[in-house]
Amino acid sequence: MAETPVAFMIATFAVLAVFVVVDLFIIGRKPHVPSTKECVQHIAFFVVAALIFGGIIWAVAGAKPAVEFYSGWMTEYSLSIDNLFVFVIIMSNFAVPKELQKYVLSVGITVALVLRGIFILVGAAIIQRFTWVFFLFGAFLIVTALKLVTGHDEDEEYHENGIIRALRKVMKITDEYDGEKLHTVVNGQRFWTPMLIVFLTIGTTDVMFAFDSIPAIFGLTKDPFIVFTSNVFALLGLQQLYFLLGKLLDKLVYLPVGLSVVLGFIGIKLIMEALSGNSLPFINAGHPVSWVPEVPTWLSLLVIVLALGGSALASVLKMKQEERREQAHQVSDVTSD
């Protein structure tokens with residue numbers, strides 16, 4: 001149930017709608033490769049906006065919803081960064097021109113917002129009626145965490161799903177892009193451009209991402225308003241983050257470890273909540289398990305900050321160490337010559 005006033009939620013949705021329109025449909029529609037300065041400015045703006053928004057929630061609704069928002073936003077933002085790996089592979093696989101990648105990301109993020117909004121509504125309805133679904137969510141997140149930490153969830157190349165393969169068989173698709181157009185004319189015949197396939201690929205791929213992110217955020221808060229706003233703030237500025245990180249993504253070597261800790265923690269937390277509100281007849285004779293402790297929201301935030309901050313710091317230190325090692329090799333090669 002929502003803990004924030006209705007008027008505040010309406011005002012928030014109105015402001016976020018403006019953010020989305022400006023970020024995705026005005027700035028994002030301008031085909032260009034953003035500079036480092038532009039990327040940093042956009043990312044800083046949305047990060048500061050999220051921090052301020054959390055403070056406003058604290059003032060309007062109290063500390064608990066604010067901490068839940070910060071926890072959810074950091075988790076969703078980190079999962080979005082991890083998903084950028086797949087976006088890089090998709091862009092490379094379909095040879096999307098650099099100047100069009102910003103536009104493609106704008107459309108993909110728009111699709112993601114719509115799909116995640118649907119998932120959140122469905123998830124909230126299911127959770128209200130069937131609390132035992134926390135067992136499934138928790139188990140799924142723990143399995144995902146194990147895959148991340150063992151490397152079994154990694155894939156070096158993108159594989160087209162069945163929908164895309166089926167479309168290629170029934171539609172005439174060119175190999176060349178024609179700007180932002182979805183269809184073009186070649187030798188008097190109308191063809192779809194690869195842009196259509198790229199849009200569908202980004203959109204369908206985000207559906208798979210939602211299976212990780214939505215259970216994770218519901219493990220931190222049951223408030224659909226907090227869940228949705230956490231997702232929106234995590235996705236805003238993502239296209240600029242894509243260009244800023246670029247080739248650095250593969251150097252964030254410990255990010256999967258940090259994410260696995262977060263997802264594993266939330267998975268265990270969900271199972272504990274399911275036990276404390278248990279109604280399944282084959283567990284404790286259908287009664288809640290009273291000895292299961294409640295995990296406070298501040299502890300969730302602390303675990304998320306330490307896990308993600310620690311993995312980011314460890315990645316930076318390792319990157320610096322490799323740079324020094326590479327410089328030392330270069331110096332030794334010069335002296336040996």
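I take contact to mean heavy atoms within 4.5 Å.

**Entry 1: the model.** I note that this is a predicted model, in which local features need pLDDT of at least 70 and side-chain atom pairs count only at pLDDT 80 or more, while totals for chains, interfaces and linings use all residues. Residues are numbered from 1 along each chain as its sequence is written, and side-chain values use heavy atoms, with hydrogens and water left out.

**Entry 2: phenylalanine 19.** I looked up phenylalanine 19 and found it in helix α1 (residues 6–27); helices here are DSSP runs (H or I, at least four residues), numbered from the N terminus. Leaving aside residues up to four places away in sequence, phenylalanine 19 touches Phe45, Phe46, Ala49 and Leu236. I also checked valine 232: its C-alpha atom is 9.6 Å from that of phenylalanine 19, although 213 residues separate the two along the chain.

**Entry 3: α2 with α8.** Two packed helices are described by the angle between their axes and the distance between the axes. I take axes as lines fitted to C-alpha atoms, for helices over the stretch in contact, with angles from 0 to 180 degrees between N-to-C directions. Helix α2 (residues 36–61) and helix α8 (residues 224–235) have axes that come within 10 Å and cross at roughly 160°. The pair α2 and α8 is therefore roughly antiparallel; the classes are under 35 degrees for roughly parallel, over 145 for roughly antiparallel, 65 to 115 for roughly perpendicular, and oblique for the rest. From α2, the contact is made by Phe46, Ala49, Ala50, Phe53 and Ile57, and from α8 by Phe225, Ile226, Thr229 and Phe233. I sorted the residues of this contact of α2 with α8 into eight nonpolar, one polar and no charged, where Ala, Val, Leu, Ile, Met, Phe, Trp, Tyr, Cys and Pro count as nonpolar, Asp, Glu, Lys and Arg as charged, and the others, Gly among them, as polar.

**Entry 4: α2 with α9.** I found α2 and α9 packed at about 140°, with their axes 9 Å apart. They are therefore oblique to each other. The α2 side of the contact consists of Thr36, Cys39, Val40, His42 and Ile43, and the α9 side of Gln240, Leu241, Phe243 and Leu244. By class, the contact of α2 with α9 holds six nonpolar, three polar and no charged residues.

**Entry 5: α5 with α10.** Helix α5 (residues 133–150) and helix α10 (residues 255–276) pack at an angle of about 160°, their axes 7 Å apart. I therefore record α5 and α10 as roughly antiparallel to each other. The contact of α5 with α10 divides into 18 nonpolar, five polar and one charged residue.

**Entry 6: the second largest pocket.** I define a pocket on a 1 Å grid over the protein atoms alone, as an open set of points where a 1.4 Å probe fits, with protein on both sides within 12 Å along at least five of seven lines; lining residues have an atom within 4 Å of a point. The second largest pocket holds about 390 Å³ of space. Of its 14 lining residues, the closest to the centre are Tyr77, Ser78, Ile81, Leu241 and Ala312. α3 (63–93), α9 (238–245) and α11 (297–336) each supply at least two residues of the lining, and α3 gives the most, with five.

How values were computed. Grid points are joined across faces, edges and corners, and a volume is the space filled by probe spheres set on the points.
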